[in-house]
Amino acid sequence: MSDARLSVLKTYKLYVGGKFPRSESGRVYEVTDVKGDWLANAPLSSRKDARDAVVAARKAFGGWSGATAYNRGQVLYRVAEMLEGRRAQFVHEVAGAEGLSKSKAAAVVDATIDRWVWYAGWTDKIAQVVGGANPVAGPYFNLSSPEPTGVVAVLAPQESSFLGLVSVLAPVVATGNTAVVVASERSPLPALSLAEVLATSDVPGGVVNILSGRTAEIAAPLAAHQDVNAIDLAGADEALAKELETAAADNLKRVVRPQPVDDWSATPGLERLTAFLETKTVWHPTGALGAAGSSY
Amino acid sequence: MLPIVPDGSDSAPGSRGVYSRYARRYARLVTMPTHTPAASPVPDVTASESTLRRFLHGLPGVDAVGLEARAAALGTRSIKTTAKAYALDLAISMVDLTTLEGADTPGKVRALGAKAVRPDPADRTAPATAAVCVYPDMVPVAKEAVAGSGVKVASVATAFPAGRASLAVKLADVREAVAAGADEVDMVIDRGAFLAGKYLKVYEEIAAVKEACGTDARLKVIFETGELSTYDNIRRASWLGMLAGADFIKTSTGKVAVNATPANTLLMLEAVRDFRAQTGIQVGVKPAGGIRTAKDALKFLVLVNETAGADWLDSHWFRFGASSLLNDLLMQRQKLATGRYSGPDYVTVD
């Protein structure tokens, strides 16, 4: 018997519809750390993986958007609990992916978990902030209510592989949308490990789907896809963003343009929460007006 | 005239050994040509309960593993670009657009008829489907909805889907559908009688329904393969149906757990191929139920081409009994035309 153990290498896989498939194309690519040392092989997704992910996201949309906001909040908080349990793993992966020292990577992971909790708390509060009762000239209640827009394609930021990813993903699912995420091209490993957290924390399969590979290759069919309702271009460079926005115009997708973010750990505000909401306005009669001209 | 195939002289491709064994058995039973092919292509076989049983049980047993492996292997063909465009259009033209619900309303049947005539209103190059398939009382509505187009109206009959009624009731059901203008009648066989071994009863029932259909309506015989338990039974039922005068043999009603599978459709395609080789009569095949994606439909078309041959690649000889399949075919068609993945927002909700 030898003292040396055989190393158990991890096979990173995609996350589509609650399952962990390899890329339909069978391709992988090498992921390296900032110094160029090999870390792992990640799946190199094809457009068919993107298509399958959209089908899964569409299928999950009814249940997720129909869940109560409170329930969504609980589920997302559960994700934060699971992240906390795997903290060491993420610190290791973020350190490798972004070339950070262990303590700096730990700070990033902490900020990420806090970010997730922050968005989990917003699920049942956003409606009070951006919805409400509108005063109208007639015997009606007029109520505006924010509704999720549907399937959202998310191009995760290229540089901030974990905090940036969660900062763009969490607001999408917190408001009841389902997401197809294209992980950071150079450092997809934290995103692929996040999938394992999501799979074990009550998030229904298909609500979040995570693809790794060449951003430009996967994003093009997503931007053109007729069954995707919105696209967040955070991870696209200027030329790609323009091309994708043009493709997205065909079915009037909501598009969030890439904005330079210096510090992902700054308080994000409500911008990303409201970006993928539609406002539904409902008129409801107040009932017959009394002799005094008011039903109150 | 019945051709009597001597041993080893058949010209059909593939499986020569099994095939000549088949022919040998057949040649013994078919001793002389008949002059009344309309009644039965092989009167000697169907003369009595015992000859029919001897014939059906004398059919070669089905190699289940081989059958499923062959069906799976044919499902791996890659069909792309122009071949795919051709196959999608062919599949659309083969769809029997079906609604068989207790909740069917005249409005729903009219909507279905409109969709059958013009499946993709945004793209007029999309072909019409083959037929709409409804319950007998909806035939007049369907007939009106597809009037002036080439789309046929098919009606299920004979106490669909269970088939548990007396022959008189079943025949009345058929006559009503035909009188209302049905171009095609989809009957169910009496699975209880078949499984109890009363083959002649099943045979006579099919023959009676065929007679009630007259010359105007084509008869599709549904075996409900999910209830026949074994591949051997499916092969026997196929031959029984064809001997009794079926114009089409159809897998299932779509009302049970197991519907059309590539394997049982392959088996039925082999049966119609062999039947034509023996009798000269071509019979159509219709898998129904459970075919929901364009990818599946294309796999079935490969089975047809590789088993029965290109003669069956026509809506006159091969159909899909389906409802949701059409939407997927249309979405794939839109993808091919535009290069963009389509979505359910761009096809009708039915």
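User: In this predicted model, what makes the crossing of α9(B) past α10(B) right-handed or left-handed?

Analyst: α9(B) passes α10(B) in a right-handed crossing. The term applies because the near helix is turned clockwise from the far one by less than a right angle.

User: Which residues of α9(B) and α10(B) meet?

Analyst: Tyr199(B), Val202(B), Tyr203(B) and Ile206(B) in α9(B). They meet Arg236(B), Leu240(B), Gly241(B) and Leu243(B) in α10(B).

User: What makes the 98 residues a nonpolar core?

Analyst: Members must be buried residues of the nonpolar kinds, joined through side-chain atoms within 4.5 Å. The largest such set has 98 residues, and Phe318(B) is one of those with the most contacts inside it. Helix α9 of chain B gives the largest share, nine residues. Another core, of 62 residues, lies apart and includes Ala42(A) and Val208(A).

User: How do you know that β3(A) and β4(A) pair?

Analyst: Two strands pair if there are at least two bridges between them. β3(A) and β4(A) have three, in the antiparallel sense. Ala133(A) stands opposite Leu143(A) in β4(A).

User: Why are β3 and β10 of chain A at the edges?

Analyst: The open sheet runs in the order β3-β4-β10. β3 and β10 each have a single partner strand, so one side of each lacks a neighbour in the sheet. The twist averages 30 degrees from one strand to the next.

Note on methods: Residues are numbered from 1 along each chain as its sequence is written. Chains are lettered from A and ligands numbered from 1 in the order in which they are written. This is a predicted model: local features need pLDDT of at least 70, side-chain atom pairs count only at pLDDT 80 or more; totals for chains, interfaces and linings use all residues. Side-chain values use heavy atoms; hydrogens and water are left out. Buried means under 20% relative accessible area, exposed over 50%, partly exposed in between (1.4 Å probe, protein chains only). Helices (H or I, at least four residues) and strands (E, at least two) are DSSP runs, numbered from the N terminus. Axes are lines fitted to C-alpha atoms, for helices over the stretch in contact, and angles run from 0 to 180 degrees between N-to-C directions. Contact means heavy atoms within 4.5 Å.
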